[in-house]
Each structure stands twice: as C-alpha cells, then as structure tokens.
Amino acid sequence: MIVRTTEEITGTDRDVKDPLGNWVSKRIVLGGDRVGFSFHETTINAGSVNNFHYANHIEAVWLVEGTGTLLDKETGETYPLAPGTMYLLNGHERHQVTADTQMRMLCVFNPPVVGTEVHDENGVYPLVAVPESTGKHSPEAVAAD
C-alpha cells in the first residue's frame, strides 16, 4: 500500500514547477512506484496560456477547480473547462489550455511519468526509463521497515 499527501510532496522533487511560472505539478504517484501509471495534481495559474503535446503518453485530466478553455490544435475545436470536466488525450493531440481562473486538475499518465521529465520546445515529455523505487511508502520501503 502506498499512502502520500500533497503536503509531504510540497517542496520535494515531486513538486515540479513550470520554468515560465504558469503551473505546478505535484507528482503523487510516479513510474518508480511500479503501478503502471502516474498520478498528478496540477495547478494552472489564472491568465496563462499553455501548449502541450504528449507524443509518448496518454493523459486523462479531471478538472476539480477553476475555468478555462481547451483547444485541440489538431482540429481547431475548443471546449469549455469547468469543475467536473474530463478530457482524455488518447490520440496524442497537440493542445492548448487557457486558464480563465486558477485551475486545479487531477491527471493520470500512461506510461507513467518518472518525475524528471521536462517539456521540450514542442511541449512533449520524452520517454524516460523507470528507475527503481521512489522511496517512502513504496512496497520496497515498507518491506524494509
């Protein structure tokens, strides 16, 4: 069993900040946890425009707070974003998220993110080999206690 809180992640290497200051991603479950996906809480700042393209990952996003717009850059179609909205990037779509207000979303990635990825100039995360256990509350750490 793995149990983590966002409070214990804050300020660690799992608390990833966008170099432009537009978003923060708290990476709660990572590839090293060996569960087949990663799980993140991402907060996007009000007024920001963010371009993403997960060419190597499928991402599911559940918006729990805030409003904005999702632009599918492949088709030009736009979607309103509000609490209770889910979008799934199952076709590796290039997309843009514009935050009208601060948005907080819960995100699942497959294959899992390992935590060291950074967006390249196209908004893409590279595929990174999954390291050994990520530590506290992992199956290996619990067995060692």
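**Core, ring pairs and salt bridges in a predicted model**

Modeller: In this predicted model, Ile-44 has contacts beyond its neighbours within four places in sequence: Asn-22, Trp-23, Asn-50, Val-97, Ala-99, Thr-101, Gln-102, Met-103 and Met-105.

Biologist: Which residues touch the most other members of the largest nonpolar core?

Modeller: In soluble globular proteins, nonpolar side chains tend to be buried together. Here the largest nonpolar core has 19 residues. Those that touch the most other members are Ile-44, Leu-81, Tyr-87, Val-97, Met-103 and Met-105.

Biologist: Which element gives the most residues to this core?

Modeller: Two or more residues come from each of β5, β8 (86–89), β9 and β10. The element that gives the most, with four residues, is β10.

Biologist: Which residue in β9 is the bridge partner of Phe-52?

Modeller: β4 and strand β9 (residues 94–99) pair in the antiparallel sense, over five bridges. Within that strand, the bridge partner of Phe-52 is His-95.

Biologist: Which residue in β9 stands opposite Leu-71?

Modeller: Strand β6 (residues 68–72) and β9 run antiparallel and are joined by five bridges. The residue of β9 opposite Leu-71 is Gln-96.

Biologist: Is the aromatic pair of Phe-52 and Tyr-54 stacked or edge-to-face?

Modeller: The structure holds two aromatic pairs. In the pair of Phe-52 and Tyr-54, the rings are 6.1 Å apart centre to centre, with 10 degrees between the planes. Planes under 30 degrees apart count as stacked, whereas those over 60 count as edge-to-face. The pair of Phe-52 and Tyr-54 is therefore stacked.

Biologist: How many residues apart in sequence are the parts tied together by the pair of Tyr-54 and Phe-109?

Modeller: Tyr-54 and Phe-109 form an edge-to-face pair, at 5.0 Å centre to centre and 85 degrees between the planes. Tyr-54 lies in the loop between β4 (49–53) and β5 (58–65), while Phe-109 belongs to strand β10 (residues 103–110). The pair thus ties together parts whose separation in sequence is 55 residues.

Biologist: Are the rings of the cluster of Phe-52, Tyr-54 and Phe-109 on buried or exposed residues?

Modeller: Ring pairs link Phe-52, Tyr-54 and Phe-109 into a cluster. The relative accessible area of Phe-52 is 10%, that of Tyr-54 is 6%, and that of Phe-109 is 2%. Because a residue under 20% counts as buried, Phe-52, Tyr-54 and Phe-109 are each buried.

Biologist: How many residues apart are Arg-4 and Asp-33, whose side chains meet in a salt bridge?

Modeller: The structure holds seven salt bridges, including that of Arg-4 and Asp-33 at 2.9 Å, N to O. Arg-4 is in the segment before α1 (6–9), and Asp-33 is in the loop between β2 (23–29) and β3 (38–44). Both residues are buried.

Key. Residues numbered from 1 in each chain as written. Predicted model: local features only at pLDDT ≥ 70, side-chain atom pairs only at ≥ 80, totals over all residues. Heavy atoms only, no water. Phe/Tyr/Trp six-rings, centres within 6.5 Å; stacked < 30°, edge-to-face > 60°. Buried < 20%, exposed > 50% of the residue type's maximum accessible area, 1.4 Å probe, protein only. Pairing = 2+ DSSP bridges. Core = buried A, V, L, I, M, F, W, Y, C linked by side-chain atoms within 4.5 Å. Contact = heavy atoms within 4.5 Å. Salt bridge = Lys/Arg side-chain N within 4 Å of Asp/Glu carboxyl O.
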